Amino acid sequence: MKALVLEEKGKISYRDFDLQDELTPDDVRVKPMAVGICGSDVHYYREGNIGDFVVRSPMILGHEAAGEVIETGSNVSNFAVGDRVCMEPGIPDFRSSQTLMGMYNLDPSVRFWATPPVHGCLRETVVHPASLTFKLPENVSYREGALIEPVAIGVYSAKKAAIAPGDTALVLGAGTIGTVTALAAKASGCSKVFVADIKLAKLELLEAYYSGEIVTIDLGVSDVSSVLADHGLDGVDIVFEATGAAAAFKGIADYLVPGGRLVLIGMPDGEVGLDVVALQVKEISIETIFRYVNIFPKAIDLIASGKLNALPLITKSYPLKDAVEAFEYAATLPDDQIKIMIEM
Ligand SMILES: [Zn+2]
């Protein structure tokens, strides 16, 4: 079948790829219709690895997908040919201890699309467990369906933050994950959500689409505490760290009110410094997240209900045949772009 293949570091081609995709009784076969390009896809393209995950042989890219069911396994009763769906890209061992504990996202043997050596979904068809496939309501498009994967990280972060009605939140980082986290926090009952970044163009994009929902903080010209003070706040109830940059951890406790929560989403390259005493004297609790677990249906419902509009995140889209060009563009993404979508 035709697929978008990362041949090796820095080299992508759109070509025929020989794959034997066997449909087991518990699987569905899906024709992807929209696939988002993720920072991780671009990272593999540019660097050839993420940490210990190294591209050693040609690998099909893509893990943020929505599409149409074209075949169902003999045990599958909740899907029919023609259903519109999105898919959770990590397939755990369903018998692992982590899965049995309800934390299948932490299963070390999880097979995650487009994480070497597992092939991704930028191809004509994929076979996927029905239990990790979710129907899209009528009013949720394929484009939105392909955004469910990043949105799920935001919704899971909001859940971990245990948001109470009227809470205030600060998100560090205005990339895709920071933005979906801010939107999820707002949809979950936060009264005010601030998003801080050093990239003005990204903040301007948020201003353009979400000015009623998000207050932006341009770290190039102002500091967080003074903006919070302008809004009559001494600190926020929740800080979501969505950059993974070591510098973001400096003084992070200062942004929080006593008893506040710090949610760590971004993944730093190595160890980072955290002022423990500054957290202790405010009794800050820390939550961490790794991808998401049992959250896709909620993310879909939030979008279907109109409480979370993720569509403005898609700033450019390409047909599959131009996917190589799409990746070249994504590899040097201008600051005023967020999500590049490939549509079949
Ligand atoms: Zn992604």
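I checked the length of α4 first: its end C-alpha atoms are 16 Å apart, which agrees with the 16 Å that its 12 residues should span at 1.5 Å a residue. The expected span is 1.5 Å times one less than the number of residues. Helices (H or I, at least four residues) and strands (E, at least two) are DSSP runs, numbered from the N terminus.

A note on the source: this is a predicted model, where local features need pLDDT of at least 70, side-chain atom pairs count only at pLDDT 80 or more, and totals for chains, interfaces and linings use all residues. Residues are numbered from 1 along each chain as its sequence is written.

Next I asked: how many residues of α4 are buried? I found 12 of the 12, so α4 is largely enclosed by the rest of the structure. Among them are Thr176, Gly178, Leu183 and Lys186. Buried means 20 or more other C-beta atoms within 10 Å of a residue's own, with C-beta atoms placed from the backbone (exposed is 12 or fewer, partly exposed in between).

Just after α4, I noted Gly189 with a positive phi of about 115 degrees.

Then the sheet. I read an open sheet of six strands with parallel pairing, in the order β15-β14-β13-β16-β17-β18. Its edge strands are β15 (214-218) and β18 (285-288), each pairing on one side only. Two strands pair if DSSP finds at least two bridges between them.

I also looked at β16 (residues 236-241) and β17 (residues 256-264), which pair in the parallel sense over five bridges. Glu241 stands opposite Leu264 in β17.
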